[in-house]
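User: I have a structure open and I'm new to it. Can you walk me through what is in there?
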Amino acid sequence: MSRRLALVTLVVADYDEAIAWYTGKLGFHLIDDIDQGSKRWVVVGPTDGSAAALLLARASNEEQQSRVGNQTGGRVGFFLNTDDFYRDHAAMTARGVEFLEAPREEPYATVAVFRDLYGNTWDLLEPKQ
């Protein structure tokens, strides 16, 4: 049996602004954008869909709206691995991504925390070999 984690839901305020941010600032691909009437099936990811991706789900009630930008209670909730930390850090910084700290060397990776358009925190990581 072959299994893999395919999608993680990210609650967003607006589909189009989230698509623009993740594709424009992080360089993600728009994998799916399917109109389903009252909602859309929107998937973005750092690759063409062969790895885990984000399902962008527009908040549809007050409880969901309260989670936009704080889905993990302030903890880093998302981890973006790269094969070249400094290349991607420079590109993301040039595109206006807000990093909350300077890059640091840890035993497991070169890492820095950044914030997405809603305030969710992410790690940009280049794992050590």
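User: Is Glu-105 buried, partly exposed or exposed?
Analyst: This is a predicted model. In it Glu-105 has a relative accessible area of 46%, so Glu-105 is partly exposed.

User: Which side chain does Glu-105 meet in a salt bridge?
Analyst: That of Lys-128, with N to O at 2.6 Å. This pair links distant parts of the chain: Glu-105 is in strand β7, Lys-128 is in the segment after β9, and 23 residues separate them. Lys-128 is partly exposed, with a relative accessible area of 39%.

User: How many salt bridges does the count come to?
Analyst: Nine. One of them is between Arg-115 and Glu-98, where the closest N and O atoms are 3.1 Å apart. That pair also links distant parts of the chain, with Arg-115 in strand β8 and Glu-98 in strand β6, 17 residues apart.

User: Switching to helices. Which residues of α1 are buried?
Analyst: Helix α1 covers residues 15–24, and its buried residues are Tyr-15, Ala-18, Ile-19, Trp-21 and Tyr-22.

User: Why are they on the same side of α1?
Analyst: Because they cover an arc of only 170° around the axis, which puts them on the same side of α1. In general, an α-helix has 3.6 residues a turn, so residues three or four places apart point the same way.

User: What covers them?
Analyst: Strands, among them β1 (7–12), β2, β3 (40–45), β4 (53–58), β8 (109–115) and β9 (121–127).

User: What happens at the start of α1?
Analyst: Asp-14 has a side-chain oxygen that reaches to within 3.1 Å of the backbone nitrogen of Asp-16.

User: What about α3, which residues are buried there?
Analyst: Phe-85, His-89 and Met-92, in a helix that runs over residues 85–94. Their arc around the axis is only 70°, so they sit on the same side of α3. The buried residues of α3 pack against β6 (98–99), β8 and β9.

User: What follows α3?
Analyst: Gly-96, which has a positive phi, near 95°.

User: Now Asp-123. Where is it found?
Analyst: Asp-123 is in strand β9. Its relative accessibility is 8%, and the cut-off for buried is under 20%, so Asp-123 counts as buried.

User: What is Asp-123 in contact with, leaving aside its neighbours within four places in sequence?
Analyst: Its contacts are Val-76, Phe-78, Phe-79, Leu-80, Val-111, Ala-112, Val-113 and Phe-114. For Ala-112, eleven residues away along the chain, the C-alpha atoms of the pair are separated by 5.7 Å.

User: Last topic, the surface. Which residues form a nonpolar patch there?
Analyst: Leu-7, Ile-34 and Trp-41, which together have about 240 Å² of accessible area. Ile-34 belongs to strand β2, residues 29–35. With a relative accessible area of 41%, Ile-34 is partly exposed.

Note on methods. Residues are numbered from 1 along each chain as its sequence is written. This is a predicted model: local features need pLDDT of at least 70, side-chain atom pairs count only at pLDDT 80 or more; totals for chains, interfaces and linings use all residues. Side-chain values use heavy atoms; hydrogens and water are left out. Patches are made of residues with over 30% relative accessible area and no salt bridge: like charges are joined within 9 Å, nonpolar side chains (Val, Leu, Ile, Met, Phe, Trp, Tyr) within 5 Å. Accessible areas come from the Shrake-Rupley method with a 1.4 Å probe; for residues, only the protein chains shown count as cover. A salt bridge is a side-chain nitrogen of Lys or Arg within 4 Å of a carboxyl oxygen of Asp or Glu. Helices (H or I, at least four residues) and strands (E, at least two) are DSSP runs, numbered from the N terminus. Buried means under 20% relative accessible area, exposed over 50%, partly exposed in between (1.4 Å probe, protein chains only). The arc is that of the directions from the helix axis to the C-beta atoms. Contact means heavy atoms within 4.5 Å. A polar contact is a pair of N or O atoms within 3.5 Å; within protein, one must be able to donate a hydrogen and the other to accept it, and residues adjacent in sequence count only if both atoms are side-chain atoms.
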